[in-house]
Amino acid sequence: MNESQKSYLEQLGIVGAKAHWNLSPEALSKAAVDGGMAKVADNGAIAVSTGEFTGRSPKDRFIVEDEKTNDQVWWGDINVGFPADKFDKLQEKMVNYLSGKELYVRDAYVCAHEDYRLNVRVINEFPWSNQFAYNMFLRPEESELDNFKSDWLIINAPSFKADPSVDGTRQHNFAILNFTKKTIIIGGTAYTGEIKKGVFSALNFILPTEKNTLPMHCSANVGEDGDTALFFGLSGTGKTTLSADPKRKLIGDDEHGWTPKNEIFNFEGGCYAKVIDLSEEKEPDIYRAIKPGAILENVVFKDGSNEVDYEDSTITENTRVSYPIHHIDNIQVPSMGNNPKNVFFLTCDAYGVIPPISKLTPGQAAFHFISGYTAKVAGTEAGITEPVTAFSACFGAPFMPLHPTRYAEMLSRKMKDVGTNVWLVNTGWSGGPYGVGRRMKLKYTRAMITAILSGELNDVEFKAHNVFGVLVPQSCPNVPDEVLNPRNTWADKNAYDETVAELAKKFNKNFEKFASQASQEILDGAPKVSAEVK
């Protein structure tokens with residue numbers, strides 16, 4: 001730490017700290033292992049425990065209310081306000097707590113597009129948290145570090161606990177964004193996803209309001225001819241699996257921007273993937289990326305060894321790995337693409353009534369984008385014995401500070417400008433609901449996506465679904481025709497009709513909270529519950 005770095009920390013209020021600035025991942029891994037915070041797995045990655053929290057805590061994420069946010073943020077259950085004076089006092093308590101400690105500082109940036117680059121400085125209490133920042137954010141050249149000026153600051157102190165009665169938090173853990181001070185403070189939780197999603201939340205506010213750019217919770221890849229495809233989907237829908245294609249280069253697996261010039265760019269410099277039930281056969285890219293430099297979270301070793309048991313969910317189902325994107329071989333450099341021709345909304349419909357592939361109008365695309373539907377099935381959570389609908393606006397509601405219709409209307413405009421096709425893909429059940437039907441075969445889903453990307457569905461016949469109104473192809477190479485119409489796969493047609501009507505009602509009920517700010521075009525994209533199903 002040089003004098004200017006020491007002065008920077010002292011200006012923040014952190015005095016007497018021993019701060020390590022921009023250590024290599026090797027040095028950070030060693031510090032974590034030597035400090036008893038991590039173990040080395042047989043594949044060379046380090047394995048850590050995030051302690052009490054093994055996932056994000058959405059109810060403990062706040063946004064400071066002030067002139068910048070008051071009239072812009074969609075306040076409610078997801079975006080909870082926090083007083084500016086309370087933020088200042090809590091930050092002061094944090095920096096006092098960090099004073100005199102050994103700390104780790106990282107200078108990085110987000111947004112692969114030079115015009116959108118945002119420099120981020122991360123101050124971490126733990127070395128492996130700092131290594132996570134190295135993995136997940138974009139890495140400046142060594143020559144850029146001497147004169148690095150941060151746009152945003154993240155202060156991350158997992159061992160610091162707030163006092164809710166004094167500090168205004170809900171409980172002892174918190175993640176708070178202050179758009180005026182351009183600062184994120186995270187305490188009381190070691191779960192690293194709070195760091196990543198804090199910056200994503202910031203970009204989801206900044207890009208639409210200041211740059212007329214659409215931020216997206218999606219993966220992206222690009223074909224040999226330069227055609228870009230985007231994949232939206234909640235957990236368990238196949239986003240990572242289906243965007244990994246040996247014939248296409250990966251742009252990124254989670255967070256992207258879509259510019260007014262119709263360029264696509266990755267926000268990040270790494271991947272943060274689930275590893276529960278991971279195998280080389282099912283997810284070869286992720287499996288092979290777990291090597292020195294990667295960080296495994298909350299995994300369990302096989303008895304008497306340092307071999308990871310990926311099937312063991314003793315600690316959590318949300319076992320994770322972070323690694324820099326260059327751990328994947330087939331990547332796009334730089335992480336950018338142009339003019340997305342196809343956008344896929346992935347849903348795991350456990351009711352078995354959504355067509356396996358269908359084409360959406362701009363209004364329908366906006367409706368389904370705002371809805372962000374998937375379904376949880378029995379066994380995924382305690383107490384779930386039958387399919388349960390799950391809606392997450394824009395396929396990422398916890399990270400969206402603005403009203404969902406703002407993002408959806410931007411998407412509709414871009415669809416029209418570029419001539420982008422949007423497809424709804426059901427990776428869930430066919431032939432009946434969960435417990436009766438079967439999960440859609442991955443080879444069929446891949447065949448449908450391949451046919452779309454190759455243009456093989458351009459000239460086939462499409463028919464409108466009688467309830468959802470989406471256009472269903474009547475044939476697709478390498479997929480049996482009867483699979484394409486979900487009603488045909490059900491033995492009990494009346495049961496299908498009743499189930500699809502019930503699901504449509506759930507869609508419309510969920511949409512009521514958005515309807516007052518939705519355009520007529522979006523409202524027209526809703527399913528028609530009263531329609532007869534054929």
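This is a predicted model: local features need pLDDT of at least 70, side-chain atom pairs count only at pLDDT 80 or more; totals for chains, interfaces and linings use all residues.

Reader: How many aromatic pairs does a search of the whole structure find?

Author: The search finds 32 aromatic pairs. One of them is formed by Y116 and F265.

Reader: Why is the pair of Y116 and F265 called stacked?

Author: The ring centres of Y116 and F265 are 5.0 Å apart, and their planes make an angle of 25 degrees.

Reader: Why do F367 and F507 count as an aromatic pair that is stacked?

Author: Their centres are separated by 6.3 Å and their planes by 25 degrees. The limits are within 6.5 Å for a pair and under 30 degrees for stacking, so the name applies. This pair, too, links distant parts of the chain: F367 is in helix α9 (residues 362-371) and F507 in helix α14 (residues 493-511), 140 residues apart.

Reader: How do you know whether F367 and F507 are buried or exposed?

Author: F367 has a relative accessible area of 0%, and F507 has a relative accessibility of 1%. Buried means under 20%, so both residues are buried.

Reader: Which residues form one aromatic cluster with F367 and F507?

Author: The cluster consists of W74, F367, Y373, F391, F468, F507, F511 and F514.

Reader: What makes the charged end of R139 sit over the ring of Y134?

Author: The charged end of R139 is 5.3 Å from the centre of the Y134 ring. The distance must be within 6 Å, and the charge must also be within 35 degrees of the ring normal. K197 likewise lies over the face of F399, at 4.5 Å from the ring centre.

Reader: How do you know that C271 is in no disulfide?

Author: A search of the whole structure finds zero disulfides. For C271, the nearest cysteine sulfur is that of C218, 13 Å away. C476 is in no disulfide either, since the nearest cysteine sulfur, that of C348, is 20 Å away.

Reader: Why are C271 and C476 called buried?

Author: The relative accessibility is 2% for C271 and 6% for C476. Both values are under 20%, and therefore both cysteines count as buried.

Technical notes:
Residues are numbered from 1 along each chain as its sequence is written. Side-chain values use heavy atoms; hydrogens and water are left out. Rings of Phe, Tyr and Trp (its six-membered ring) pair if their centres lie within 6.5 Å; planes under 30 degrees apart count as stacked, over 60 as edge-to-face and the rest as tilted. Helices (H or I, at least four residues) and strands (E, at least two) are DSSP runs, numbered from the N terminus. Buried means under 20% relative accessible area, exposed over 50%, partly exposed in between (1.4 Å probe, protein chains only). A disulfide is a pair of cysteine sulfur atoms within 2.5 Å.
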